[in-house]
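Biologist: Please put the model on screen. I would like to go through its core and its ring pairs.

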Amino acid sequence: MIKNKAITGIMMMLMVLTFTITSVAAPNNNDIQISESVEADNDSTTAKLADASTTNENGTERYENRIIYAANLNYDTNSNEVSTVEAEEEAAEETIQEPVSVGSSVIAFAKQFLGGRYRYSGTSLTNGTDCSGFTMSVYKNFGISLPHSSRAQRNVGVKVGSLAEAKAGDIICYSGHVALYMGDGQVIHALNEKKGITISNANYNHILDIRRVV
């Protein structure tokens, strides 16, 4: 009887000891605490520093610092930024417009007075002008002085070889008359009292000379 009690007591002690050892060896899930704080946005892939605390076999807490790098895989580079290559391609595709020539500007200015009055010896673009007065007054607006004489204007600037070489703004000289070349075989001039300031075919009369002043 005593022997059986002793054996029972020993077995109870072994069970208690086993339970105690198991409890110490295995950490409780409630003792493990992991706290991570990650903040990621489209402009940063670096997360904040996270502190993690764990419990070791001896029941002593230890703290480990970990840096977590997070990348947002949904970041759309196409909608938020233009790559250098794309920017260069777009720049290459841009059309560079050539500056408007002085001659073209002269013609654009002269066309404002279409239908204006012809007046012998006149120089007014609004109140009446003759042919050389018209070319003289148009060019005066661009800081270029011309003589008030169709004959004298045949000697200004430089000579142009032919109508095929003429450019907008060139002075087309006829016998006793001058006009401004518009391009495409046309001239603008103060023709006569009947038609006033008008547009004509450059070959409407025999061309004596072509002069370029710009």
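Biologist: How many residues has the largest nonpolar core?

Modeller: Keep in mind that this model is predicted. Phe134, Val138, Ile171, Leu180 and Ile188 have the most contacts inside the largest nonpolar core. Its size is 22 residues.

Biologist: Which element supplies the largest share of this core?

Modeller: Helix 4, helix 5, strand 7, strand 8 and strand 9 each give at least two residues. The largest share is five residues, and its source is helix 5.

Biologist: How many residues are in the second, separate core?

Modeller: Val160, Ala166, Ile172 and Tyr174 are included in this second core. Its count is 10 residues.

Biologist: Now the rings. What kind of aromatic pair do Phe109 and Phe142 form?

Modeller: Their centres are 5.9 Å apart, and the angle between the planes is 90°. Planes over 60 degrees apart count as edge-to-face. So the pair of Phe109 and Phe142 is edge-to-face.

Biologist: How many residues apart in sequence are the parts that this pair ties together?

Modeller: Phe109 lies in helix 4. Phe142 sits in the loop between helix 5 and strand 6. The pair therefore ties together parts whose separation in sequence is 33 residues.

Biologist: Is Phe109 buried or exposed?

Modeller: The cut-off for buried is under 20% relative accessible area. Phe109 has 16%, whereas Phe142, at 28%, is partly exposed. So Phe109 is buried.

Biologist: Which residues do ring pairs link into a cluster?

Modeller: The count of aromatic pairs is three. The cluster linked by ring pairs consists of Phe109, Phe113 and Phe142.

Terms used
Residues are numbered from 1 along each chain as its sequence is written. This is a predicted model: local features need pLDDT of at least 70, side-chain atom pairs count only at pLDDT 80 or more; totals for chains, interfaces and linings use all residues. Side-chain values use heavy atoms; hydrogens and water are left out. Rings of Phe, Tyr and Trp (its six-membered ring) pair if their centres lie within 6.5 Å; planes under 30 degrees apart count as stacked, over 60 as edge-to-face and the rest as tilted. Helices (H or I, at least four residues) and strands (E, at least two) are DSSP runs, numbered from the N terminus. Buried means under 20% relative accessible area, exposed over 50%, partly exposed in between (1.4 Å probe, protein chains only). A nonpolar core is a set of buried Ala, Val, Leu, Ile, Met, Phe, Trp, Tyr and Cys residues joined through side-chain atoms within 4.5 Å.
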